Amino acid sequence: LVITKNLWKRPENALRAIAFLQLAAIEDEETQKNGMVVLPYYVGKFNGQYSAKLGQRMMHLKDWLPVKVKAVHICFDNPLIKAWLPVPFFFMEKEARVRIRTHYGTQTEVQYSLMTF
């Protein structure tokens with residue numbers, strides 16, 4: 001599912017799509033047991049597509065969706081994000097920090113980095 005700020009007319013539509021995708025995923029017994037991995041991908045043509053408003057609203061989805069997020073792999077190729085990203089980690093609880101991994105580089109570098117998991 002591609003969630004970009006220019007693809008959806010309203011953020012609510014993107015949130016509905018995310019909620020539907022997660023509700024469909026938890027129908028699988030293995031997903032119920034193991035949880036799911038979230039992969040924000042801001043590399044190449046998706047660079048610069050982050051919407052802070054949409055990001056905040058997506059964080060509230062985890063409060064009511066009955067699916068466990070086991071890991072988050074943030075992929076990006078913007079050096080500004082690389083410089084800024086450690087700041088939120090400072091304020092996160094340890095349980096949240098250990099579940100988040102970052103992958104920086106070109107599309108090929110990011111894909112090879114993801115293959116190690």
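His 73 touches Val 37, Val 38, Leu 39, Pro 40, Arg 101, His 103, Leu 114 and Phe 117, when residues up to four places away in sequence are not counted. The place of His 73 is in strand E3, and because its relative accessibility is 8%, where under 20% means buried, His 73 counts as buried.

**Confidence and overall make-up**

The mean pLDDT of the chain is 80, and 82% of its residues reach 70 or more. Confidence is lowest in helix H3, residues 52-61, where the mean is 70, and it is highest in helix H7, residues 107-114, at 92. Where pLDDT is low, the predicted coordinates should not be read in detail.

The chain has seven helices and four strands, and from the N terminus on these elements run in the order α-α-β-β-α-β-α-α-α-β-α. Of the 117 residues in the chain, 28% are buried, while the accessible surface comes to about 8,500 Å², with 59% of that area belonging to carbon and sulfur atoms. Among the contacts in the chain with a separation of 6 or more, 77% are made by residues 24 or more positions apart.

**The histidine pair**

The side chain of His 73 makes a polar contact with the side chain of His 103, at 2.8 Å. His 103 is found in strand E4, and at 3% relative accessibility His 103 counts as buried. A further polar contact, at 2.6 Å, joins the side chain of His 103 to the side chain of Ser 113. With neighbours within four places in sequence left aside, the residues in contact with His 103 are His 73, Ile 74, Cys 75, Phe 76, Val 110, Ser 113, Leu 114 and Phe 117.

**The nonpolar cores**

In soluble globular proteins, nonpolar side chains tend to be buried together. Which residues form the largest nonpolar core here? This core has eight residues, namely Leu 15, Ile 18, Ala 19, Ile 26, Met 36, Leu 61, Leu 65 and Val 67. Helix H1, residues 11-25, gives the most to this core, with three residues. A second, separate core has seven residues, including Val 72, Phe 76, Leu 85 and Phe 89.

Leu 61 lies in helix H3, the element in which confidence is lowest, and Leu 61 is buried, with a relative accessible area of 8%. Leaving aside neighbours within four places in sequence, Leu 61 is in contact with Leu 15, Ile 18 and Ala 19. The C-alpha atoms of Leu 61 and Ile 18, which are 43 residues apart along the chain, are separated by 8.8 Å.

Val 67 has its place in the loop between H3 and E3 and is buried, with a relative accessible area of 14%. Not counting residues up to four places away in sequence, Val 67 touches Gln 22, Ile 26 and Met 36. Between the C-alpha atoms of Val 67 and Met 36, residues that are 31 places apart along the chain, the separation is 7.4 Å.

**Aromatic pairs**

A pair of aromatic rings is described by the distance of the centres and the angle of the planes. The count for this model comes to two aromatic pairs, which are set out below.

| Pair | Distance of centres | Angle of planes | Arrangement |
|---|---|---|---|
| Phe 76 and Tyr 104 | 5.5 Å | 45° | tilted |
| Phe 90 and Phe 91 | 5.3 Å | 85° | edge-to-face |

The planes of Phe 76 and Tyr 104 stand at 45°, so this pair is tilted. The pair links distant parts of the chain, with Phe 76 in strand E3, residues 69-76, and Tyr 104 in strand E4, residues 100-104, 28 residues apart. Phe 76, which is also a member of the second core, counts as buried at 2% relative accessibility, whereas Tyr 104 is partly exposed, with a relative accessible area of 36%. In the other pair the planes stand at 85°, so Phe 90 and Phe 91 are edge-to-face, and both Phe 90 and Phe 91 are exposed.

Methods:
Residues numbered from 1 in each chain as written. Heavy atoms only, no water. Core = buried A, V, L, I, M, F, W, Y, C linked by side-chain atoms within 4.5 Å. Buried < 20%, exposed > 50% of the residue type's maximum accessible area, 1.4 Å probe, protein only. Helix = DSSP H or I, 4+ residues; strand = E, 2+ residues; numbered from the N terminus. Contact = heavy atoms within 4.5 Å. pLDDT = per-residue confidence, 0-100. Phe/Tyr/Trp six-rings, centres within 6.5 Å; stacked < 30°, edge-to-face > 60°. Areas by Shrake-Rupley, 256 points an atom, 1.4 Å probe, with all protein chains shown as cover. Polar contact = N/O pair within 3.5 Å; in protein donor to acceptor, adjacent residues only side chain to side chain.
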